[in-house]
Amino acid sequence: MKATTQQETRLIDPDDLPIWVPGRVLCESKGLGWNGVAQRTYRYHGQDVEIPPMNTFMIVQYRKGDTPMDRQFDGRWTRTRCGPGHFSLLSRSMQSHWNWTEGLVVSHLYLTDALMTRVARDVQDKDVGQVCLHDVLQGSDPVVSHIADQLTMEAADDGPAGKLYAEALSVQLAVHLLRNYASFESRKAPGPSGLSQRQLNLLEAYIDAHLHESLSLDELAGVLGMGVWTFNRHLRESVGLPAYSFVQHKRLERARTMLREPGRALKDVAAACGYSDQAHMTRSFRKALGVTPGQYRAGL
């Protein structure tokens, strides 16, 4: 087992955050099986709080309320005003002191060091040292906002799209943060060359054999011995779709084939195709084809 340094033992987990920053939890991703990323939405009143160093990177997305905000980070105070459309970054292992006066609803995203380091290594195509994000108290970035919105909606709805979708979003967010808010310069990755036919056949065979399961991005990349960012890049070059959309396409293809069997119950089709339930399959059909599975079957 890897030895734990004295500094590491002092890092707090996001689950411990309410001890230092009391608030009401409105939704969270706990129990959804997400890897490398977690989400929690809080309702806060005005507070003056000190937060010990955390073992994750934290993004705070301001969703409701508007307040003056003071924060001490790395020994330096910053004063601004935060409200909807803004976000703050807090790098891993950094102590901070926050002060705000008005009520807020915020969405927290927690990215693990393992995720950030792995993606940084993959994007840089070389080993990287410790990742540290810039001090951002009042950021405005449509990419960060969009991904935060999607992860928050997933957590609020109990993850209907599955952990693969959350992992794909977390990798996209990690890449964007590393390229725009990290302390090291990002080197341009080699141009995508796509997957060979053998690799594509291997991947499709694996997906077909495990389509009834909840597939993860790490799992699919591991089939080809790639990092998740490289895998997603090559797959998009080959088929025009990222991993999440590619798997959803495969689920839809199988479901359409199975619906040609008159005796098959819709819930059994949903289970065999890896949908979380029949309602999940119905949403996918409506989005892709504009009809429900029952209407699709009737139209055959």
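User: What kinds of residue make up the lining of the largest cavity: nonpolar, polar or charged?
Analyst: This is a predicted model, and in it that lining divides into 13 nonpolar residues, 1 polar residue and no charged ones.

User: What makes it a cavity rather than a pocket?
Analyst: A cavity is a space where a 1.4 Å probe fits but cannot get out, whereas a pocket is open. The structure holds 1 cavity of 30 Å³ or more, and the largest cavity has a volume of about 120 Å³. Of the 14 residues lining it, Tyr44, Val60, Trp98, Trp100 and His108 are the closest to its centre. Strands E3 (47-51), E4 (56-64), E8 (96-100) and E9 (104-112) each give two or more residues to that lining.

User: How many aromatic pairs are there, and why is the pair of Tyr42 and Tyr44 called what it is?
Analyst: The count comes to 5 aromatic pairs. For Tyr42 and Tyr44, the ring centres are 5.0 Å apart and the planes sit at 10°. Centres have to lie within 6.5 Å to pair, and planes under 30 degrees apart count as stacked, so this pair is stacked. Tyr42 and Tyr44 are also both buried.

User: What about Tyr44 and Trp100: which kind of pair do their rings make, and why?
Analyst: Their ring centres lie 5.7 Å apart, with the planes at 55°. Together, Tyr42, Tyr44 and Trp100 form one aromatic cluster.

User: Is Gln199 buried or exposed, and how do you know?
Analyst: Its relative accessible area is 16%. Buried means under 20%, so Gln199 counts as buried. Gln199 belongs to helix H6 (residues 197-210). Leaving aside neighbours within four places in sequence, Gln199 is in contact with Leu224 and Met226.

User: And Gly139: buried or exposed, and why?
Analyst: With the cut-off for buried at under 20%, a relative accessible area of 6% makes Gly139 buried. Gly139 lies in strand E10 (residues 136-139). Its contacts, setting aside neighbours within four places in sequence, are Gly85, His86 and Phe87.

User: What makes a group of residues a nonpolar core, and which members touch the most others in the largest one?
Analyst: The members have to be buried, of the nonpolar kinds that count, and joined through side-chain atoms within 4.5 Å. The largest such core has 54 residues, and Ile59, Leu111, Met116, Leu177, Leu220 and Phe231 touch the most other members. Helix H5 (residues 163-180) supplies the largest share of this core, 11 residues. Not counting residues up to four places away in sequence, Met116 touches Phe57, Leu111, Val131, Leu133, Ala174, Leu177 and Leu178. A second, separate core of 22 residues includes Ile12, Val21, Phe73 and Val106.

User: What is the volume of the largest pocket, and which residues are the closest to its centre?
Analyst: The largest pocket has a volume of about 540 Å³. Of its 18 lining residues, Ala161, Tyr244, Gln248, Ser284 and Lys287 are the closest to the centre. Helices H4 (142-156), H9 (243-258) and H11 (278-289) each supply at least two of the lining residues. The lining divides into 8 nonpolar, 6 polar and 4 charged residues.

How values were computed: Residues are numbered from 1 along each chain as its sequence is written. This is a predicted model: local features need pLDDT of at least 70, side-chain atom pairs count only at pLDDT 80 or more; totals for chains, interfaces and linings use all residues. Side-chain values use heavy atoms; hydrogens and water are left out. On a 1 Å grid over the protein atoms alone, a cavity is a set of points where a 1.4 Å probe fits but cannot get out, and a pocket is an open set with protein on both sides within 12 Å along at least five of seven lines; lining residues have an atom within 4 Å of a point. Grid points are joined across faces, edges and corners, and a volume is the space filled by probe spheres set on the points. Helices (H or I, at least four residues) and strands (E, at least two) are DSSP runs, numbered from the N terminus. Ala, Val, Leu, Ile, Met, Phe, Trp, Tyr, Cys and Pro count as nonpolar, Asp, Glu, Lys and Arg as charged, and the others, Gly among them, as polar. Buried means under 20% relative accessible area, exposed over 50%, partly exposed in between (1.4 Å probe, protein chains only). Contact means heavy atoms within 4.5 Å. Rings of Phe, Tyr and Trp (its six-membered ring) pair if their centres lie within 6.5 Å; planes under 30 degrees apart count as stacked, over 60 as edge-to-face and the rest as tilted.
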